[in-house]
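Trainee: I would like to learn how to read charged side chains in a model. Please start with one residue and go on from there.

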Amino acid sequence: MEVEGSSKKMIATQAEMVEARVPIPYRDQCAHLLIPLNKCRQAEFYLPWKCETERHSYEKCEYELVMERMLKMQKIREEEAKLKQQKKQPISLIPNTANAS
């Protein structure tokens, strides 16, 4: 399954996410890393110093998604700024041939 506008592919299926009880807001391209992280957390009674490798890989994936979205938004803003600049250029009402004298 591929998500529109993202370079990362969905690895976890909807059925896997439902089975693992992943909350809907967390069902993104990093859900395949969240499932084993949550299993580890439950097994280790949510001790913060446990499951560090799983947590690090999940947080890195989420960070990459955020950075990708920020770069896309920056490109969109730059394109909109260019369009505004083009629209702001003054339109000469006097033809060039009239100024030729």
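Mentor: Glu 68 has a relative accessibility of 18%, so this residue counts as buried; buried means under 20% relative accessible area, exposed over 50%, and partly exposed in between (1.4 Å probe, protein chains only). The model is predicted: local features need pLDDT of at least 70, side-chain atom pairs count only at pLDDT 80 or more, and totals for chains, interfaces and linings use all residues. Residues are numbered from 1 along each chain as its sequence is written, and side-chain values use heavy atoms, with hydrogens and water left out.

Trainee: Where is Glu 68 found, and with which residues is Glu 68 in contact, leaving aside neighbours within four places in sequence?

Mentor: Glu 68 lies in helix α3, residues 52–88 (helices, H or I, at least four residues, and strands, E, at least two, are DSSP runs numbered from the N terminus). With those neighbours set aside, Glu 68 touches Gly 5, Ser 6 and Ser 7, where contact means heavy atoms within 4.5 Å.

Trainee: How many salt bridges does the count come to?

Mentor: Side chains of opposite charge can pair when their charged atoms come close. The rule asks for a side-chain nitrogen of Lys or Arg within 4 Å of a carboxyl oxygen of Asp or Glu, and the count is five salt bridges. One of them joins Lys 8 to Glu 64, with the closest N and O atoms 2.7 Å apart. This pair links distant parts of the chain, 56 residues apart: Lys 8 is in the segment before α1 (14–19) and Glu 64 is in helix α3.

Trainee: Which residues are linked in a network of salt bridges?

Mentor: Lys 8, Lys 60 and Glu 64.
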